[in-house]
Amino acid sequence: MADVREAAKLLEKAQRVVVFTGAGISAESGVPTFRDALTGLWERFDAQSLATPQAFQDDPDLVWGWYEWRRHRVSTVHPNPGHLAVAAMKNAVVITQNVDDLHERAGSADTVHLHGSLFMPRCSQCGEAAALPSTTGEPDEGRRVWPPSCVRCAGLIRPGVVWFGEALPEAALEAAARAASDCDVLLTVGTSGMVYPAAEIPRLAARSGAAVIQVNPQPTPLDSVALVNLRGSAAQVLPDLAA
Ligand code: BJW
Ligand code: ZN
C-alpha cells in the first residue's frame, strides 16, 4: 500500500512518463501470456519452434494457423482496467511488446509496437502489405491453415510480427530508446523482461536517471532495476496508480 502511494506520487510529479508493457497487461483480458505456466501458449507450443522465420519456412500452415487462432482470440476480447488506466495517463508514451491492439482500443492511439502486430500481415518475399483474411468461425488451436499468397509476387503472406533472430522495426526501437532515455518515470507492466533488445528499454531509463516502477505478480530480472516493485496484477494495480 505504501509502495502504491510512493509510485502514485512519482507518477504525479513526473513530466515525462513511459509505460512499457508486455503480455501480462493483456492476461486479464483473456489473452494468454507467453511464458506463464498453465496459461502460456508456449506451454503447448514451443516458442522457438513457432516464432522463428525457420518455422514459417518449414511449416507455414502450422505457423499461420497459430497466428490466425491468436488473431481471432484477440478480436473477441476487450481492454481491461489496466489498459484503460494507461490510456488515462495523458502525458505517457506507451511502448508495448504486445502484438495485440488492446492499448489502441483502450484509447492509447500512438502506442509504439516493438514486436509488430497481429493485424498487419505482409509478404514474406517482397514485403508488400497484405489484406487481413476474413475469419469465419473460430480457428482451432493447433489447426493448420495455408497462408494466402501475395497479389504482387505470389509469395506466402506472413504475420507482421517480429520473430526470434529478426530485427525490431527501426523507427519503433528508436522512438522507444529516445523516450526511455528522456523520461522521469518508466512504468514497466506485465513483462518477464527476458527478451532483448526490448528488455533493455527499462534498463536504459534507469541508467538515464528515471525512476522505474514495476507492476508484476511475480519477481522478474527487472526487480533489481526498479525503484518500486508492485506485486499485483495490472488490472488491479494500475487503476490505483492513475487515481
Ligand atoms: C502479469 C499478469 C497480470 C501475468 N498483470 N503481469 C541478448 C541476450 C540474450 C539473447 C539475446 C540478446 N539480444 C537478442 C537476443 C536473442 C533474442 C532473445 O532475446 N532471446 C531471449 C529469449 C534470450 N532476441 C531476438 O531474437 C530479437 N531480435 C534480435 O535481437 O535481432 C538481432 C538482429 C539485428 C539486426 C538484424 C537482424 C537481427 C527479436 C525478439 C522478438 C521477440 N518476439 C516475440 C514473439 C512476437 C510474435 C508473437 O507474439 O508470436 O515477442 S517472443 C515473445 O516474448 C513476444 C513478446 O513480446 C516477448 C516478451 O514476452 P513478455 O511480454 O515479457 O511475456 P512473458 O510471457 O514472457 O511474461 C509475462 C509476464 O507477465 C510475466 O512476468 C508474468 O508474471 C506477468 N503477468 N499475469 C501483470 N495479470
Ligand atoms: Zn510479395
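Biologist: Where is alanine 154 found?

Modeller: Alanine 154 is in the loop between strand 4 and strand 5 (157–158). Strands here are DSSP runs of E with at least two residues, helices are runs of H or I with at least four, and both are numbered from the N terminus. Before we go on: this is a predicted model, where local features need pLDDT of at least 70, side-chain atom pairs count only at pLDDT 80 or more, and totals for chains, interfaces and linings use all residues. Residues are numbered from 1 along each chain as its sequence is written, and chains are lettered from A and ligands numbered from 1 in the order in which they are written.

Biologist: OK. What's the phi of alanine 154?

Modeller: Positive, about 70°, although alanine 154 is not a glycine.

Biologist: And is alanine 154 buried or exposed?

Modeller: Exposed, with 10 other C-beta atoms within 10 Å. The cut-offs: buried means 20 or more other C-beta atoms within 10 Å of the residue's own, exposed means 12 or fewer, partly exposed is in between, and C-beta atoms are placed from the backbone.

Biologist: Switching topic. Which peptide bond is cis?

Modeller: The one from tyrosine 196 to proline 197, with omega near 5°. Proline 197 sits in the loop between strand 6 and helix 10 (200–207).

Biologist: Now the sheet. What order do the strands come in?

Modeller: Six strands form an open sheet, ordered 3-2-1-6-7-8, with parallel pairing. Two strands pair if DSSP finds at least two bridges between them.

Biologist: Which strands stand at the edges?

Modeller: Strand 3 and strand 8 (228–230); each has a single partner strand, so one side of each is left without a neighbour in the sheet.

Biologist: What about strand 1, how many of its residues are buried?

Modeller: Five of the five, residues 17–21, so strand 1 is largely enclosed by the rest of the structure. Val17, Val19 and Thr21 point one way, while Val18 and Phe20 point the other.

Biologist: How many bridges join strand 1 to strand 6?

Modeller: Five, with strand 6 (residues 185–189) running parallel to strand 1. Valine 18 has leucine 186 as its bridge partner there. Strand 1 also pairs in the parallel sense with strand 2 (residues 92–96), over five bridges. On that side, valine 19 partners valine 94, and valine 18 partners valine 93.

Biologist: Zooming out, how is the chain divided?

Modeller: Into domain 1 (1–30 + 78–116 + 167–243) and domain 2 (32–76 + 122–158), with bounds from an automatic or database domain assignment. Five residues from domain 1 and four residues from domain 2 make the contact, where contact means C-beta atoms, placed from the backbone, within 7 Å. The C-alpha centres of the two domains lie 26 Å apart.

Biologist: Where does ligand 1 lie?

Modeller: Both domains give residues to the shell around ligand 1, so ligand 1 lies between them. The shell has 33 residues, and the closest are Gly22, Gly24, Gly190, Ser192 and Tyr196. To count, a residue's C-beta atom, placed from the backbone, must lie within 6 Å of the molecule.

Biologist: Last one. Which residue does the UniProt "active site" annotation cover?

Modeller: His115, according to the unreviewed entry; such annotations may be inferred rather than shown by experiment, and positions are given in the numbering used here, with feature names shortened. Histidine 115 lies in the loop between strand 3 (112–113) and strand 4 (122–123).

Biologist: Why does histidine 115 count as buried?

Modeller: Because histidine 115 has 20 C-beta neighbours inside 10 Å. Not counting residues up to four places away in sequence, histidine 115 touches Gln97, Val99, Val161 and Val162.

Terms used
Contact = placed C-beta atoms within 7 Å.
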